[in-house]
Amino acid sequence: MPDADRILEGLDPEQRAAAQAVRGPVCILAGAGTGKTRAITHRIAYAVRTEAVPASQLLAVTFTARAAGELRGRLRSLGAQNVQARTFHAAALRQLQYFAPRILGGGLPEVMDNAIRVVGNAAARMRLRVDRAELRDLAAEIDWAKAVLATPDTYVARAREAGRETSTTAETIAKVYAEYEQTKRRAGQLDFADLLMIMAGAMEELSDVAEEVRSRYRHFVVDEYQDVSPLQQRLLDAWLGDRDDLCVVGDANQTIYSFAGATPEHLLGFRRRFPEATVVRLNRDYRSTPQVVSLANSLVQAGRRGPDAGVSLIGQRPDGPAPTFTEHDDEPAEAADVAGKCRELIDAGTPPAQIAVLFRINAQSEVYEAALSQAGVAYVLRGGERFFDRPEIREARLLLRGAARAGQDVDQNLGDAVRGVLSGLGWYPDNAPPGGSARERWESLAALLPLADDLVAALPDAHLPELVAELDQRANAQHAPTVQGVTLASLHSAKGLEWDAVFLVGLTDGTLPIQHANTPAQVAEERRLLYVGITRARERLALSWALARSPGQRRGRRPSRFLDGLRPETPHAPAATRAKSRAKRPEAADAELFGRLRAWRKAQAEAQQVPPYVVFSDATLVAIADARPSSRGGLAQIAGVGPTKLTRYAEPVLEVLGGADPADVVPVAVS
């Protein structure tokens, strides 16, 4: 026992309580930076060392191979090397390889590394014409359906219930899903979700398989439990049977993957399922300064609607600088300021690898790639392709080069010439898809237009050849070695990481929360995404936003609603700028009206079985909400409301503008 007690040395009181709770249902609510991995690895090692749990009968489950590897490494250093630490999929695959003859009547079928090719084959069999981005979105939607246990027959209802917005109708996705399943069966293939489904189903139906698995594993530890999907929970329940030797670790404030099927409900409902469970809260934050911790806590409290399983953090580090809030006229100005501050930090001794610039979507990276390159700051793009390496940008550059050689822009300005070339890739200014890969593709292509505008501002006579040369120069400059550079990453890909200095950029309504977050649950998840970003910072945190995309554009954006009550009124701006900003910023009522217009559009699009942007683009809805026309004539003055759409939609739109509940507005029948 003295040897076992040494494992507890160095743990704080809450971590020690978690480590000593070695049996029965245990729920560890671990806030960001509170040492949860340290707590659960010491709990496992202590349980093994005190012989409360045999190492060979304990299975630790997490979500990524990297996290599983880290668990195994720490357990090995604590003398618990015989404990299995795997992802859900790796554990299911190992079990299915053993049980395949009994369950499947033969060997294990081929497990696909990537389902996109099979999704493409299924779409082709249905004679659907889809591009690469749409294929990625279809594959992601099928992944979501399987994660939430939706079948092709139930997908449409489940998608509508969840408020899913896709670039393809739910009915079409359900048909592709059904064809995808048939294509897999014909080819004798499985996807990763099938591994979990088959093992869970086998244990539910075959008592001998269930008994053998349960005799092998009697104790379970699940990390990041807030991100468990219904499918993963089904497998976990099958492993458990009627036992309760389960320890879960999670933080409801960090649930950010519900778009992929994750749900915090299992964590939030753990005490209801196991009333006698031991609950330990880890709230001592060893990562961030008290100033960063205070901001994170305030963000959570501002969005809290009733009790939950979140943790209010207590900072343990010495004081540091207060987080900064900065408003800029446009995105290039914001990026240049961030790049300059990165340069200053590096010159003052902060290693580049300890600085991160985090944004909501990957399409935002280009302006920061360019600004950092201009400032001579090396960078690493994490969780996404470099802007100029993205397939759509490579295609666009190829088409622009061909158009330049053909002299296609002789009789038009550069911006119109670029729009014409991009139309060949299916890009149009007013047809932005609602989300997913298709939206990121659209945003990436849209980012080429400000580059063209900037070039014309510098060279008024510039045409396509000059733009092609500019793009080549930018691409070459951004391909320098960047191993030790500043990290550029989306907020999702930053989960689990930390840096000395973090810049959270592009914090405007429509970006965070993302514009296709319609339901209260979706908006709450966007708030949690900002929380994850804030808690990545150890010492320095800077938050910023821009009122326009490009120089000279109308400064019509507003800071993210999540910053209300957290930021100074309009920081770091002269008084005249503050007054102008107040005059141009949309009121909360405009945002509420925009939300109701989107709700009407969603119902109308579903009735027509078309993507929402076919009814009206987001830009048009914003213009309608801003102008609030009260007549057909006024509505006709809005850009994007042509004669056909005016005839079709004037009556329901005016109803919504008049205060009608979108749910009470009858969709228009369109032949």
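Contact, as used here, means heavy atoms within 4.5 Å. Axes are lines fitted to C-alpha atoms, for helices over the stretch in contact, and angles run from 0 to 180 degrees between N-to-C directions. Helices (H or I, at least four residues) and strands (E, at least two) are DSSP runs numbered from the N terminus. The structure is a predicted model, in which local features need pLDDT of at least 70 and side-chain atom pairs count only at pLDDT 80 or more, while totals for chains, interfaces and linings use all residues. Residues are numbered from 1 along each chain as its sequence is written, and side-chain values use heavy atoms, with hydrogens and water left out.

The description may begin with helix 5 (residues 88-104), which lies across strand 2, strand 3 and strand 6 (219-222). Helix 5 runs at about 105° to strand 3. Helix 4 (residues 65-77) lies across strand 2 (58-62) and strand 3, and its direction makes an angle of about 170° with strand 3.

These strands belong to an open sheet of 6 strands in the order 3-2-6-7-1-8, with parallel pairing; two strands pair if DSSP finds at least two bridges between them. Strand 3 (84-87) and strand 8 (278-282) stand at the edges with a single partner strand each, so one side of each is left without a neighbour in the sheet. On average, neighbouring strands of this sheet are turned by 15° against each other, direction ignored. Within the sheet, strand 1 (residues 26-30) pairs with strand 7 (residues 246-250) in the parallel sense over 4 bridges. Ile 28 has Val 249 of strand 7 as its bridge partner.

Helix packing is illustrated by helix 6 (residues 116-125) and helix 9 (residues 170-187), whose axes are 8 Å apart at an angle of about 115°. Helix 6 is therefore roughly perpendicular to helix 9, a term that covers angles of 65 to 115 degrees. On the side of helix 6, the contact is made by Val 118, Val 119, Asn 121, Ala 122 and Arg 125. Helix 9 contributes Val 176, Glu 179, Tyr 180, Thr 183, Lys 184 and Arg 186.

A further set of pairings involves strand 14 (residues 486-490). Strand 12 (residues 355-359) runs parallel to strand 14 and is joined to it by 4 bridges; strand 13 (residues 379-382) also pairs with strand 14 in the parallel sense, over 4 bridges. Thr 487 in strand 14 stands opposite Ala 356 and opposite Val 380.

The interior can be described through its nonpolar cores, each a set of buried Ala, Val, Leu, Ile, Met, Phe, Trp, Tyr and Cys residues joined through side-chain atoms within 4.5 Å. In the largest, of 73 residues, Trp 239 and Leu 504 touch the most other members. Helix 10 (residues 192-205) supplies the largest share of this core, 7 residues. Apart from it lies another core of 33 residues, including Ala 18, Leu 58, Leu 78 and Val 280. Beyond four places in sequence, the residues that Leu 504 touches include Leu 358, Leu 491, Leu 530 and Ser 544.

Ser 544 is also among the contacts of His 328, a residue of strand 11 (residues 324-328). His 328 is buried, with a relative accessible area of 11%.

Conventions
Buried < 20%, exposed > 50% of the residue type's maximum accessible area, 1.4 Å probe, protein only. Parallel < 35°, antiparallel > 145°, perpendicular 65-115°, else oblique.
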